[in-house]
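Subject: Structure for your review

Dear colleague,

Please find below the sequence and the structure that I am handing over to you. My findings follow directly after them.

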Amino acid sequence: MRYENSAEIFEKAKKVIPGGVNSPVRAFGSVNKSYPIFAKKAKGSKIWCEDDNEYIDYICSWGPMILGHNNERVMAGVREAIEDGSSFGLPTKMEVELAELVIKCYPSIEKIRLTTSGTEATMAAVRLARAYTKKNKILKFEGCYHGHSDSLMVKAGSGLLTDGYQDSNGITQGTIKDTLTLPFGRMDLVKELFEKDDDIACIIMEPVPANMGIIETDAEFLKGVRELCTAKNSVLIFDEVISGFRLALGGAQELFGVTPDLTTLGKIIGGGYPVGAFGGKNELMDMIAPVGDVYHAGTLSGNPVSVRAGYETISELLENKDTLYKELKEKVNYITSNIEKISEKHNVPVCINKQGSLFTIFFTDKDEIKTLDDVIETDTEKYAKYFNVMLDSGVVTPPSKYEAHFVSAAHTKDDMDKTLEIMDKAFEEISK
Ligand code: PLP
């Protein structure tokens, strides 16, 4: 593989963009590469870089591309929307149609507000929870990532973990004090905290954590937090920015049968274009301006091009839901069951966590990876070696052990078999 063009662009990029990238994990720093590949175009399960190398893609834009890149139906919708104009500063009919479509898939959502990103959605949901309960603090779980707003940048996952820290600099002590954190899955500690503190406005959680690698959720835990939030007048926010429309059409809440008060969405809801959303019961959502006094706004909120991309994506998922989610799960089962065989063959132990179309390979002797501390202890060097062999052979996997592999409807049996062949090579290298 040649990387000359990407390396050259990165040198220029570093002079004008901090770290050469607009989102930290893209820098490939934690997998021992001195430059990332710069993407040029993508189609289906494939992505091409500025050196014209072709890769099978398991990043999938970190989630939005559940139908694969440049899906024909989504592209046709986007082309039509662009012809009509890019942004109006006025409401559009398609925003209403997207809202109706999402509400059809999420019975817990009676009203929904569109944003421009997942970060804005979680930020607004937290503000709404505080306004509704008249309480100040929030509880989040270690290693869960909810975007980059101040109050959610405490013990966060994703790019922060990749770069070796969990709290961003530049946040006031007051904000940090109001964000309580606990290890994921520890109902005993959650109960203990609520016994001591009755100023907790909400629990915000990824129902299936996917930003410290995948952590398999215990349904009992979700039910436990639901009951506790109801009993203690605290708002339960499911951050389904990744899990929404991915684990099931109705997200993790459908899969586990647990109903949150508020849901945040992103990624798939924009079909690869910038959108986020938050929604829930009327009682809460009617507190949002201009009905109520909880302010939320955005110049590009509900952008017509993004909305159309999201509408077409969700329509496609809805029309094919009976087969599509089953097939995605089967693909992940096929890949991961074969990785287990490869791992045994080369005597390189791994623990694979998976949920629906997401999976993470942890290089570890442990049988279970359940908490952030478990993840931190897994082998970073082996993951980096795995990443590099895969990349050099035409498969792009997450450039961090703290992220998930994303599988799309466009990944074919050929793609998976080629991936497994290269994984065999990668594990052989690791075993040396
Ligand atoms: N919530 C979760 C669970 C996420 O994974 C992310 C992003 O990866 C966000 C929120 C933030 O979304 P965005 O990057 O669109 O701001």
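The unreviewed UniProt entry lists Lys267 under "modified residue: N6-(pyridoxal phosphate)lysine". Please note that the model in which this residue is described here is a predicted one. Lysine 267 is placed in the loop between β9 (262–265) and β10 (276–280). Is lysine 267 buried or exposed? It has 28 C-beta neighbours inside 10 Å and therefore counts as buried, the threshold being 20 or more. Leaving aside residues up to four places away in sequence, lysine 267 touches Gly63, Pro64, Gly118, Val241 and Ile242.

The ligand is surrounded by 16 residues, and the closest are Ser117, Gly118, Thr119, Gly147 and Val241. Of the elements that contribute to this shell, helix α4 (residues 118–133) gives the most, with three residues.

Seven strands form an open sheet in the order β4-β10-β9-β8-β7-β5-β6, and the pairing is mixed. The edges are taken by β4 and β6 (179–182); each has a single partner strand, so one side of each is left without a neighbour in the sheet. On average, neighbouring strands of this sheet are turned by 20° against each other, direction ignored.

Within this sheet, β10 is joined to a strand on either side. Strand β4 (residues 111–115) runs antiparallel to β10 and is joined to it by five bridges. Lysine 111 stands opposite glycine 280 in β10, and isoleucine 112 has glycine 279 as its bridge partner. Strand β9 is also antiparallel to β10, with four bridges between them; here leucine 265 stands opposite alanine 277. Five of the five residues of β10 are buried, so this strand is largely enclosed by the rest of the structure. Gly276, Phe278 and Gly280 point one way from β10, whereas Ala277 and Gly279 point the other way.

Helix α7 (residues 187–196) lies across β5 (137–141), β6 and β7 (200–205), running at about 150° to β6. Helix α8 (residues 219–231) lies across β7 and β8 (235–239), and its angle to β8 is about 145°.

There is also a sheet of three strands, which is open, antiparallel and ordered β11-β12-β14. Its edge strands are β11 (350–355) and β14 (405–406); each has a single partner strand, so one side of each is left without a neighbour in the sheet. Strand β12 (residues 358–363) is joined to β14 by two bridges, and leucine 358 has phenylalanine 406 of β14 as its bridge partner.

Helix α12 (residues 321–345) lies across β11 and β12, at about 175° to β11. For residues 311–345, the unreviewed UniProt entry gives "coiled-coil region". In the model, that stretch is 97% helix and 0% strand, and its end C-alpha atoms are 45 Å apart.

Finally, I would draw your attention to serine 86, in the loop between α2 (72–84) and α3 (93–105). Serine 86 is exposed, because 10 other C-beta atoms lie within 10 Å and the limit for this class is 12 or fewer. Serine 86 and valine 305 are 219 residues apart in sequence, yet their C-alpha atoms are 6.4 Å apart in space.

Yours sincerely

Notes. Residues numbered from 1 in each chain as written. Predicted model: local features only at pLDDT ≥ 70, side-chain atom pairs only at ≥ 80, totals over all residues. Pairing = 2+ DSSP bridges. Contact = placed C-beta atoms within 7 Å. Axes fitted to C-alpha atoms, helices over the stretch in contact; angles between N-to-C directions. UniProt positions renumbered as here; feature names shortened; annotations may be inferred. Near = placed C-beta within 6 Å.
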